Amino acid sequence: MSDPVLILCMKWGTLYGAADVNNLARGVRRHLARPHQFICLTDDAAGLDAGIEALPLPELRLPPGSGDTRWRKLALFQRDLHGLSGTALFLDLDLVVIGNLAPFLDHPGEVCIIRDDDLFRAKPLRRINPARDRFLHMVGNTSVFRWRIGAHPEIVETYEADPAAAQAAYEHEQQMVSDILHRQGRLSYWPQGWCVSFKNDCVPRLWRSWLRDPAPPRGARIVLFAGNPKMADVLAGRGGRWYRRIGDIGWLRRAWQGA
């Protein structure tokens, strides 16, 4: 029997808690039949379920005084990540698993990621700058990506060699990750529709939201919360607007809380 696949997440600070990690791990367990090891890289393991392996956050040399901790994900590409090896699927904590995860492990490609544009509606004005439009269309969203641990240390090593230059060249870590791997010909994308935006794909547009409750599109496997409202707001009954009613989200609440 092959070794269990690795499912990784990261938690630091106070924005997310142990309950978020636990809910994500339970969702993975419901939707992934093959053997897997769920690992949380964290600065506080208190309250995690017994089946979750907690490991320290990997170190990343951020510039002194830097408050932008989004770059911490780059540490996942270290040459030695706590001695782990093999294929890993990374999942952010602000997403809900609603379908079979096995295809994410079987899909061909060296590094597979969400195409960020797939989570948002078209932006025609971006075409004014074709080069910028092509670059942004290439960028992946690191909320859900798969890679082989230790295979791409050049990503974190490039950042740590000159963090100021990296942060001047890229708006955030996922642009840097995508650009380096794309230039190497190693970046590929999940099929559109596997990972969907709650706001843009599940909530009916404009006045239609007052006629129909949110529902995931056919074939969706993961629901993400790109932009606003965030998952915590939606689950708490907030985030609606006069032009966007949230409505009944019982299916989402059951998928997240397992109730």
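A polar contact here is a pair of N or O atoms within 3.5 Å; within protein, one must be able to donate a hydrogen and the other to accept it, and residues adjacent in sequence count only if both atoms are side-chain atoms. The model is a predicted one, so local features need pLDDT of at least 70 and side-chain atom pairs count only at pLDDT 80 or more, while totals for chains, interfaces and linings use all residues. Residues are numbered from 1 along each chain as its sequence is written, and side-chain values use heavy atoms, with hydrogens and water left out.

Ser-143 is a handy place to start. It sits in strand β7 (residues 140-148); helices (H or I, at least four residues) and strands (E, at least two) are DSSP runs, numbered from the N terminus. Is Ser-143 buried or exposed? Ser-143 counts as buried, because its relative accessibility is 9% and buried means under 20% relative accessible area (exposed is over 50%, partly exposed in between; 1.4 Å probe, protein chains only). Setting aside residues up to four places away in sequence, Ser-143 touches Lys-73, Phe-90, Leu-91, Asp-92, Leu-95, Ile-114 and Leu-224, where contact means heavy atoms within 4.5 Å.

A pocket is found on a 1 Å grid over the protein atoms alone, as an open set of points with protein on both sides within 12 Å along at least five of seven lines; a cavity is a set of points where a 1.4 Å probe fits but cannot get out, and lining residues have an atom within 4 Å of a point. Grid points are joined across faces, edges and corners, and a volume is the space filled by probe spheres set on the points. The largest pocket has a volume of about 940 Å³. It is lined by 35 residues, and the closest to its centre are Arg-70, Lys-73, Asp-92, Asp-94 and Ser-143. Elements giving two or more residues to this lining are β1, β4, α3 (130-138), β7 and α6 (173-183). As for cavities, the whole structure has one of 30 Å³ or more. The largest cavity holds about 40 Å³ of space, and its lining includes Ile-114, Arg-115, Trp-190 and Cys-195.

Next come the cores. In soluble globular proteins, nonpolar side chains tend to be buried together. A nonpolar core is taken as a set of buried Ala, Val, Leu, Ile, Met, Phe, Trp, Tyr and Cys residues joined through side-chain atoms within 4.5 Å. The largest one has 49 residues, and Val-144, Phe-198 and Leu-252 have the most contacts inside it. Helix α1 gives the most to this core, with five residues. A second, separate core has 37 residues, among them Met-10, Leu-74, Ala-75 and Leu-81.

The 14 residues of α1 should span 20 Å at 1.5 Å a residue, and the end C-alpha atoms are 20 Å apart, which agrees; the expected span is 1.5 Å times one less than the number of residues. Buried residues of α1 include Ala-18, Val-21, Leu-24 and Val-28, and the buried set packs against β1 (5-11), β2 (36-42), β4 (87-91), β5 and α9. In α9 (residues 250-257), the buried residues include Trp-251, Leu-252 and Trp-256. Their cover includes α1 (18-31), β5 (95-97), α7 (198-202), β10 (222-224) and α8 (231-235). Just after α9, Gly-258 has a positive phi of about 70°.

Ser-197 lies in strand β9 (residues 195-197). Ser-197 is buried, because its relative accessible area is 0%. Its side chain reaches the backbone nitrogen of Asn-200 at 3.1 Å. Over in strand β1 is Leu-6, which is buried at 4% relative accessibility. Leu-6 and Leu-84 are 78 residues apart in sequence and 8.8 Å apart in space, C-alpha to C-alpha.

A cis peptide bond joins Asn-228 and Pro-229, with omega at about 5°, and Pro-229 is in the loop between β10 and α8. His-82 has a positive phi near 55° and lies in the loop between β3 (53-56) and β4. Leu-206 has a positive phi near 50° and is partly exposed, with a relative accessible area of 46%.
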